[in-house]
Amino acid sequence: MKGFFGDFGGMFVPETLVPALEQLEREFNMLKDDPEFKKDLARYSTTYIGRPSPVYYASRMSEEYGVEIYLKREDLNHTGSHKINNTIAQALLTRYMGKKRIIAETGAGQHGVATATVAALFGLDCTVYMGAVDAARQKPNVDRMKLLGAKLELVHDGSKTLKDATNAAMRDWVKNVEDTHYIIGSVIGPHPFPEMVAHFQSVIGREARASFKEMGFLPDAVVACVGGGSNAIGIFKGFLDTSCELYGIEAGGLSDNEGDHAMAIGKGRAGILHGCVTYLVQTADGQVADVHSIAAGLDYPGIGPEHSYLHGTGRVTYDKVRDEDAVFAFRELARREGIVPAVESSHAIAYVLKNKDKFKGRKVLINLSGRGDKDSERDI
Amino acid sequence: MRGIYIVGNYPDRESFVKCFDAVISAGYEFVEIGVPFSEPVADGPVIASAVQEALGSGVKAGDVLAGLKTLSKGKAKLYVMTYANIIYNYGIKKFSDDFKDVLSGLIIPDVPNMLHSYFYDQGFEIPLIPFVTPESREEDIKKAAVMQGDFIYFIGIRGITGGSVDLSSPEISERIQQIKAFTDKKIVMGFGIKDKTDADKALKVADGFVVGTAAVKLQKNSAEYSEFVKSLL
């Protein structure tokens with residue numbers, strides 16, 4: 001069926017949204033190969049985002065852990081994470097569709113900041129939904145969104161985190177679909193979002209592959225953190241057709257107990273949420289369970305449907321990292337390389353450090369999906 | 001076709017059954033039982049709060065469903081309104097096997113008409129009720145007109161439950177006439193009907209109505225609830 005990756009995906013939304021999603025699908029399919037659109041996107045990518053982002057060889061970390069560690073530096077992008085790749089492309093789409101208003105949901109705030117930024121860039125009206133708990137733990141990003149002129153709607157429902165912000169954004173979209181585009185920030189949601197966001201994020205993998213081509217070899221493994229999974233899909237797309245091992249690292253949180261983690265694949269099962277069939281952390285009764293991660297951007301009960309599919313095929317290995325190990329990696333990269341990573345990306349770094357014996361002597365590419373300025377003010 | 005939406009087992013099983021019985025004895029043609037789901041994205045604040053409160057106080061979707069078989073529905077038809085994950089989690093085929101003799105249909109707000117086949121292809125035999133909205137295009141209406149389900153659920157507003165609807169709007173009556181041109185199915189208006197005046201206006205343009213938010217507001221007080229549902233007829 002259309003919009004499915006094997007058993008996962010689909011377009012499970014209120015009927016009201018179907019015409020808007022079909023319009024989006026049409027416009028995306030038309031524009032993604034349109035020379036003018038591609039030229040526009042390429043221009044903004046280089047002159048505004050600062051692409052291409054480099055692959056950096058982390059020599060001190062490599063020496064310490066006996067693993068050749070390479071970092072794809074998405075943290076160097078304007079606004080500080082990979083999120084801007086997708087938001088700038090979707091904002092361009094919004095303009096091409098003739099809509100004047102964009103909405104978004106955000107967990108860590110990186111997607112909210114990226115959306116607020118492109119709204120300012122293109123003169124679009126912008127509302128960002130954010131859980132009240134997330135807003136409290138990501139204050140620098142809250143301040144940035146306001147500075148950029150976005151209207152911030154704090155969500156006090158449910159667990160007051162990303163899933164509740166997503167519910168609120170969906171409700172807004174149902175009410176205002178005629179003039180509003182919803183910029184979903186990850187490879188989740190109804191078709192065509194998972195495919196479209198992956199397409200816009202695949203620039204990460206293409207660039208990384210090109211960097212390795214210049215070096216004359218490929219990495220043995222590629223590691224990325226996974227919440228919804230956009231940075232991971234973005235980098236995996238560059239290596240799916242190679243023999244590189246691919247690892248997606250979920251938020252192991254505090255423990256395997258319900259409410260202590262956000263492992264959609266590791267501890268969840270298939271279900272339907274926010275537009276698609278995918279792995280979900282849920283109760284026996286089919287209610288979406290509370291989840292936890294020290295990283296607000298990973299604190300989501302689901303995962304992109306393409307990841308669920310890749311898990312099923314065995315092409316990608318999904319594993320977990322606990323909060324404390326992510327915090328260790330956060331500090332370790334800061335002190336050994338002078339790079340403060342986002343606590344989300346620190347999960348990917350931690351996985352390599354924790355498994356240094358498995359990766360010993362091998363070339364490992366980690367997607368450093370964002371920088372940790374937003375986290376460095378926190379007590380972690 | 002006049003109907004009332006009730007949040008299943010809210011605030012507790014006993015109160016819910018009292019409200020259900022009040023609807024049946026008032027003479028409604030159908031009852032729509034909401035099976036609570038933690039992420040009610042198509043519901044407004046009143047119903048969403050009731051659902052969250054129910055789940056918070058230990059109401060289980062499985063218990064609401066199991067209780068459907070024990071309700072004395074008289075001549076009324078019974079429909080379930082819930083979200084896709086509740087059915088998926090229960091097991092699509094198993095749900096159909098367990099409830100096809102009890103339910104006249106299923107209303108799933110996060111399953112659009114085009115994905116009804118996702119259920120039917122897996123052996124689902126309970127009719128899924130199609131939707132028509134202000135956004136529906138003519139081709140959507142034509143498809144809905146021939147789908148399974150003994151009525152078309154017409155959503156009169158852009159938005160979520162609990163919004164207000166202008167029942168005198170020419171857009172609504174024109175849209176309903178447009179649907180009628182393609183189908184003999186009943187057209188039931190949902191979303192935004194809160195009192196007798198609204199209900200009467202709805203019946204002038206459509207074949208029925210369903211009241212949700214305004215009734216759920218009173219669900220904790222079965223006496224007031226009973227008076228309210230009687231007042232709408």
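**Two chains, their interface and some local features**

In chain B, B:P11 sits in the loop between β1 (2–7) and α1 (13–26); helices (H or I, at least four residues) and strands (E, at least two) are DSSP runs, numbered from the N terminus. The peptide bond that leads from B:Y10 to B:P11 is cis, with omega near -5°. The model is a predicted one, in which local features need pLDDT of at least 70 and side-chain atom pairs count only at pLDDT 80 or more, while totals for chains, interfaces and linings use all residues. Residues are numbered from 1 along each chain as its sequence is written, chains are lettered from A and ligands numbered from 1 in the order in which they are written, and side-chain values use heavy atoms, with hydrogens and water left out.

A:P192 is found in the loop between β8 (180–182) and α9 (193–215) of chain A. Another local feature is A:T79, a residue other than glycine with a positive phi, near 75°; A:T79 belongs to the loop between β4 (68–73) and α4 (83–97) of chain A. For background, most residues other than glycine have a negative phi, and most peptide bonds are trans.

Now to the meeting of the two chains. Contact (heavy atoms within 4.5 Å) links 36 residues of chain B with 35 residues of chain A. The rule finds two salt bridges across this interface, a salt bridge being a side-chain nitrogen of Lys or Arg within 4 Å of a carboxyl oxygen of Asp or Glu. The side chains of B:E39 and A:K163 form a salt bridge at 3.1 Å, N to O. On the side of chain B that touches chain A, the elements giving two or more residues are α2 (45–56), α3 (61–68), α4 (84–90) and α6 (116–120) of chain B. The most comes from α4(B), with five residues.

Over all chains, the structure holds 40 salt bridges. A:R171 and A:D157 meet through their side chains in a salt bridge of 3.9 Å, N to O. A:R171 lies in helix α8 (residues 162–176) of chain A and A:D157 in the loop between β7 (151–155) and α8, so the pair ties together parts that are 14 residues apart in sequence.
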